[in-house]
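This briefing covers salt bridges and chain interfaces. Please have the sequence and the structure open while reading.

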Amino acid sequence: MTNSQELKETLARISGVDVRKCMRCGKCSGTCPAYDEMEYHPHEFVYMVEKGEIEKLMASPSLYKCLSCFACVERCPRGVEPAKVVEAVRLLVIRQQGCNHMTPDQIPALLDEDLPQQAIVSAMRKYSK
Amino acid sequence: MIFSYYPGCTLKNKAAELDRTARLAAERLGFTLEELPEWQCCGGVFSSARDEIASKLAAVRALAAARDAGHDLVTLCSACHNVLKQANDAMAHDADFAMKANNYMQLETPYHGETRVLHYLEVLRDVVGWDRVAAAVTHPLAGQKVAAYYGCLLLRPGAVMAMDNPENPVIMEDFLRALGADPVIYPYRNECCGGYITLEDPDLAAKKSRQVADSAAGFGAQQMVTACPLCLYNIHKNAADGPEICYFTELLAQALGVGGKGARDDQ
Amino acid sequence: MQRIGVFVCWCGSNIAATVDVEAVAEALSHEPGVVFSANYQYMCSEAGQNLIKDAIRDHQLTGVVICSCSPRMHEQTFRKTAAAAGLNPYMVEIANIREQCSWIHKDKAAGTEKAIILGRAAVAKVHLNAPLVAGESPVTKRALVIGGGIAGIQTALDIADAGFEVDIVEKEPTIGGKMTQLDKTFPTLDCAACILTPKMVDCAQDERIHIYAYSEVEKVEGFVGNFTVTIKKKARFVDETKCTGCGLCTEKCPQKKVPNLFNLGLDTRRAIYIPFAQAVPKVATIDADYCNMLKNGKCGVCAKVCTAGAIDYKQTDQHIEEKYGAIVVATGYNPIKLDSFEEYAYAQSPDVVTSLEFERLTNAAGPTGGTLLRPSDGKHPHTIVFVQCVGSRDTSGCGKPYCSKICCMYTAKHAMLTRDKYPDTEVYVFYIDVRTPGKNFDEFYRRAVEEYGVHYIKGMVGKVAPQADGTLMVQASDLISNEQLHISADMVVLAAAIEPDKSARPLATMLTASMDTNDFFTEAHPKLRPVESPTAGIFLSGACQGPKDIPETVAQAGAAASKVIGLLSKNKLTGNPCVARSDEMLCNGCSSCEKVCPYGAISYEDKEFRMPNRTVAIRRVAKVNPAVCQGCGACTVACPSGAMDLLGFSNRQIMAEVDAICK
């Protein structure tokens, strides 16, 4: 079995998303508030996973631009849930040894007086394992 | 009327005003928030990964504790509300997750989503009722143009939050009307402020927050309200020249005459 | 002992590829009573049928078992074959070894074994078959068409043209349906009213057509050829026979704030109204929800101004009972509600409209007199965004899973006409796919792009944000250039999915006609019987069966009419002999069967029975009307004493089949 096939299966298991349900309407990308900061856009995440080009996605900074706002999930007419695909690809990366995107020692420099605890725990959940 | 209450980490800290004013208002409106004895941080976000178990257990523990106490579980922070409702939904409908979570926790009675989770706003709407809220108002916010800012966590995913129409919500506007205010409807009220990205990419968060605040201001808002500490932070930080933003409970406490908005600045 | 012939069909490779047909024929030849067994490539072919006929004659067969496709497909064929050879057609049994065997199995050994078992069950049943003779019933030579849109109108005209009486029941005050609300029709851009109103007038003038407008079907009884239908004529509070349609009342009525539903609420009308100028019948109707006289007895202006004396505030609903031989369903469609699509801000901005509303905004008889103006401020829009597939092809639970079929073409029409009339207006169409498979359809769409300069963008709108300055910020994806677009628009037009009219579901229950999960009526066969319902005597016309444009609807309406004409041309109908029968000796008159019978076929009679010692007892026993009974078998299951049995499917026959399978 090829590595890309394995990744695809792992990804499907983590995300619970069947990318074949996508009908390529592009509503996710029409809705995404972080679109302009992304190299690969929500519809491309779904399509590239289907094509097996997951490693390209794993190397992309787009992984850390998703706001997890779930607008794409809410508005997708086929129930594909693109945000869950993005999160699953991100997990494929950060679950690897030493691949955390954010580490606790970085946090103090990012703090300001008003920053709510919620922001820190959320970011740590999203960016590290 | 007694509810189990899950404040969450931020309400014990940076968002103490949200907690304080909510409790004062609850007392005035005749319901009691009984803080769960040993709650833990919900984690802020609910991982959409299906194989993620451990990070979701704090929420499940809180849900089970409320079940054991025999009360509905009330939260205030949008993030806690989102995590608790999603965890509850997973325990009720994802048999695999429920089995693994129950195996980890070894509760006396396994948990399967029995607790009803309510946002404080839902308590006001469904338990107290807007009529009774309005009747209890002593200092109406007459003439104030207030924009409700929902953000994303309060409403989405719509099927799980089951709180309001996720694309055209009314609950906070109805709330504002009950206080005598004039709600401002603007299109970005259910769009994201940037959330936790504020740590990773502050410019992006600034852009998103500005869009929300500018839109509210464009429609004539003098004041914005939110249920989310992170929304409040992002808007406050990135659009300080726009309408002031505060927690919805601060306006509630103020309208009920139990000391609300302003107290934070006085401290 | 029966003399049974077994005929195993290959169905080309459909059966033979997964079932060893020769082995099946061989195995079944050893079953008791089987005196002949054969297999053949296509049993339904003329040669195959001849094989059966010859065997019946040569071997004096008294029963036949065909191992082939589903009985739905060819039971009739083989019954006719048997009858032609002098055998009672009900001595034929089908063992379905295609749909229920070869098509669902991959393993040939298992498939063969199962085919043998199914054949054995059929043989066991034939042993207990008895010749059945179908009864006959007369045909009422009158048809009912439910729904007076273009589908119902065309069907009624065609039936009447063949010389039969036909009634149209229409729930609105006028016939005409959705087509009356359209401006132009694709792909030829004829004016909808110009081609529809002559047909409406034809209906009114044809003495064989009777229109029950502002009426609804309330009850349906009977069966093919002999339906009895109760029609509720809703109170109009206007005497139809006196009203001249002068319209004076509709000008003088002081209640001016009634939403005008003909214009989809885009403007208002009076409480007494005629929906539009060409209405048929052209008779005023009082809207009881808004009329001051009807609500609180204070007004009476319309009665004062009516010179014909047609106003009747005391009018009540009337119930009319009519008999029909055939019923055509033509209940049409509606655009879906858009509550679940508020990302497009339909409820939040008056300048976000549906395509049907757009039709009214461009129609000369519409609220703006045909000039395209923005609903919010009455100004001319300079940028319009059309969004396709709003709620169509949607499996998220918010919309409909199917393609609504007509939207691609009417959107191309709207875009083209807008550019034609207002060349200074930029027009964008967001699409997922452009589907134009009709005569001159794709050419039409390409003309919109190439000649009229409509911007077609492959992508979807994610959000429409009404701005403080009154514009609409449209955020969308452009998948070809891979960018997110932000278009400041003056109007947004949503191509809302279409769904069957809400009246269709209760009507289907009344008619015992089947529907799919989307509430479209199901046809008897998707390819070969597209205008007939599986329920005999019920026919389908137009969008009630599935989304359709006007040319397709008219074609189907004519097809439904021809089926009705074929039925009404017969003097007698042959019934189904497989009906229920009650064993009077076992029946205890409990009424269980009567309660479950969906067709009202069971009644009771008091009958004398001779009892021991020369006494006579009067007992209440069930009696089945074989002309009404459809042979569904519900009564046979409900009967606690086992008195009810279904001819051709008796309890003994079914038990024999089960025994044969379990052997």
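The points below go from the salt bridges to the two interfaces.

The model is predicted. Over all chains the structure holds 62 salt bridges. Chain A and chain B bury about 3700 Å² between them, and chain B and chain C bury about 850 Å².

**A salt-bridge network**

- The side chains of Arg75(A) and Glu191(B) form a salt bridge, with N and O 3.0 Å apart.
- This pair joins two chains, because Arg75(A) lies in helix H5 (residues 71–75) of chain A and Glu191(B) in the loop between strand S6 (182–184) and helix H9 (197–200) of chain B.
- Arg75(A) has 3% relative accessibility and so counts as buried.
- Glu191(B), at 6% relative accessibility, also counts as buried.
- Glu191(B) meets Lys463(C) in a salt bridge as well, at 3.1 Å from N to O.
- Through salt bridges that share partners, Arg75(A), Glu167(B), Glu191(B) and Lys463(C) are joined into one network.

**Salt bridges within a chain**

- In chain A, Glu87(A) and Lys126(A) form a salt bridge whose closest N and O atoms are 2.6 Å apart.
- Glu87(A) lies in helix H6 (residues 82–94) and Lys126(A) in helix H8 (residues 117–127), so the pair ties together parts of chain A that are 39 residues apart in sequence.
- Both Glu87(A) and Lys126(A) are buried.
- In chain C, Lys171(C) forms a salt bridge with Glu172(C), and the closest N and O atoms are 4.0 Å apart.
- Lys171(C) counts as partly exposed because its relative accessibility is 29%.
- Glu172(C) is partly exposed too, with a relative accessible area of 41%.

**Interface of chain A and chain B**

- Contact between these chains involves 40 residues of chain A and 44 residues of chain B.
- Of the area buried between chain A and chain B, 55% is on carbon and sulfur atoms.
- Leu67(A), Gln118(A) and Arg125(A) supply 18% of the area that chain A buries against chain B, more than any other three residues.
- Seven salt bridges are counted between chain A and chain B.
- Asp51(B) and Arg95(A) form a salt bridge, with the closest N and O atoms 2.8 Å apart.
- There are 22 residue pairs in polar contact across the interface of chain A and chain B, both residues being at pLDDT 80 or more.
- On the side of chain A that touches chain B, the elements giving two or more residues are helix H1 (3–15), H5, H6 and H8 of chain A.
- H8(A) gives the most to that side of chain A, with ten residues.
- By class, the side of chain A that touches chain B has 19 nonpolar, seven polar and 14 charged residues.

**Interface of chain B and chain C**

- Here ten residues of chain B are in contact with eleven residues of chain C.
- Of the area buried between chain B and chain C, 52% is on carbon and sulfur atoms.
- Glu167(B), Pro187(B) and Tyr188(B) supply 50% of the area that chain B buries against chain C, more than any other three residues.
- One salt bridge is counted between chain B and chain C.
- Five residue pairs are in polar contact between chain B and chain C, both residues being at pLDDT 80 or more.
- The side of chain B that touches chain C has three nonpolar, four polar and three charged residues.

Conventions: Residues are numbered from 1 along each chain as its sequence is written. Chains are lettered from A and ligands numbered from 1 in the order in which they are written. This is a predicted model: local features need pLDDT of at least 70, side-chain atom pairs count only at pLDDT 80 or more; totals for chains, interfaces and linings use all residues. Side-chain values use heavy atoms; hydrogens and water are left out. Helices (H or I, at least four residues) and strands (E, at least two) are DSSP runs, numbered from the N terminus. Buried means under 20% relative accessible area, exposed over 50%, partly exposed in between (1.4 Å probe, protein chains only). Contact means heavy atoms within 4.5 Å. Buried area is the accessible area (1.4 Å probe) that two parts lose on being put together, summed over both. A polar contact is a pair of N or O atoms within 3.5 Å; within protein, one must be able to donate a hydrogen and the other to accept it, and residues adjacent in sequence count only if both atoms are side-chain atoms. Ala, Val, Leu, Ile, Met, Phe, Trp, Tyr, Cys and Pro count as nonpolar, Asp, Glu, Lys and Arg as charged, and the others, Gly among them, as polar.
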